[in-house]
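Here are a few notes to read alongside the model.

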Amino acid sequence: MTVARDLLRRCERLLDGAARFCLYTRAALTPLSEVRKGIIASWNDFIPDERDIGAGLAWWERDVADRYVKPHDRVLVIGCGSGRDLASLVERGCAVTGIDPAPRALARAAAYLEAQGGTAALECAFFEDWPREDVFDVVWFSWFVYGYVPDSSRRIAMLKKAGRNLSPGGVLVLSYPINPPGSRAAWLARAAQRLWTNDWVLEEGDVIGRLRNTGLFSYEHRFTREEIEKETRAAGFYVEWLGEPIVVLRAAAAADETHARTGDQSRVASVSVIP
Ligand SMILES: C[S@@+](CC[C@H](N)C(=O)[O-])C[C@H]1O[C@@H](n2cnc3c(N)ncnc32)[C@H](O)[C@@H]1O
C-alpha cells in the first residue's frame, strides 16, 4: 500500500509539473493581444459590491495618500477598476481621472460615483495605449497593477510614459506583488520561448493561471525589491519612500536639482517593510 501511495504521489507531481509546463509554454507563445484579453477577463468583475467599493483605501495606501496627496491635486488613477481607490481620492477633494481596460468594472465605478454624487473622468484603456498628454500632480498606479503588465521593458516604457504625465515635482505611487516563485516548469517554458519570437517576454517571477472555460489565462509578475529599484531607475525615477509593497517615486532629474541645491546626497527618504 505504502509503495502504491508513494508511486501515485510521484505521478501526481510529475503530471502537475507537466501541466504547468504546458500552461506556461502556451502563455509564452500567445501574442500580447490575447494576453490582454485574459487581463480584462480577470478583472472585469473584481469588487462588484458597492459596500466593498466604499471600503476605501487599505491602511498602507492611506498612509501614502496622507503623506503625498493634497486636496485639489490632479490625480491619475491607473487601473481604477470598480473605483475603490478612485472614489476615496475623489472624497479627499482631488480632481481625479481613472483609466482601466475592463469595461464592466469601469461601469461600476461610474455608477458608484454617480450614487455618491462624486465626479471623475473615466476612460477605458490600457495605460500603455492611452494617448493623452494631460499633466497630473500624482500618478497613482492602483493596487498591484504594475505587476499586471507583462515584460520588464514594457513596464519601463510605461513608467517613462507616466513620467511625461507628471507635473514638475509630482509623485508617482505604485504598489507591486512580492515573493517571486521558483518553478522548473516555468524555467523550461522560458527556455522554449527563446525558440520562437513573440511580442512580449515571459520572465522569471511571472505567474500564469488558468481562467476557467475561456481558454485565456491570468497574468501577474511578482517582484524582488531590487527589481523594482532597477526598473524605476531605468525609467528615470528615484525612490522617495518605500514601505513594501508600495513605493513613492520622483523624477530623478528634478531630484538632482534639489540635491545639488541642498548638497543632500541621500536618495531614499524612508524605507520600511509592511509585515
Ligand atoms: C487589483 S485591480 C484594482 C482595482 C481597483 N483599483 C481596486 O483597488 O479595487 C487592478 C486593475 O488594474 C487594471 N489593469 C490591468 N492592466 C492595466 C493596464 N495596463 N493599464 C491600466 N489598468 C490596468 C485591471 O483591469 C484591474 O481593474
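1. In which sense do S2 and strand S3 pair, and over how many bridges? S2 and S3 (residues 121-124) pair in the parallel sense over 4 bridges. Glycine 98 has leucine 122 as its bridge partner in S3. Between S2 and S3 the chain passes through helix H6 (residues 103-116), in a right-handed β-α-β crossover. Right-handed means that, with the strands pointing away from the viewer, the path from the first strand over the helix to the second runs clockwise. Strands pair if DSSP finds at least two bridges between them; helices (H or I, at least four residues) and strands (E, at least two) are DSSP runs, numbered from the N terminus.

2. A word on the basis: this is a predicted model, where local features need pLDDT of at least 70 and side-chain atom pairs count only at pLDDT 80 or more, while totals for chains, interfaces and linings use all residues. Residues are numbered from 1 along each chain as its sequence is written.

3. On its other pairing, S2 runs parallel to strand S1 (residues 74-78), joined by 5 bridges. Leucine 76 has threonine 97 in S2 as its bridge partner. S1, helix H5 (residues 84-91) and S2 form a right-handed β-α-β unit.

4. Strand S2 (residues 95-100) is largely enclosed by the rest of the structure, because 5 of its 6 residues are buried (20 or more other C-beta atoms within 10 Å of a residue's own, C-beta atoms being placed from the backbone).

5. Do look at valine 35 in helix H2 (residues 32-43). Valine 35 is buried, with 21 other C-beta atoms within 10 Å. Proline 150 is 115 residues away in sequence, yet 8.7 Å from valine 35, C-alpha to C-alpha.

Notes. A residue is buried if 20 or more other C-beta atoms lie within 10 Å of its own, exposed if 12 or fewer, and partly exposed in between; C-beta atoms are placed from the backbone.
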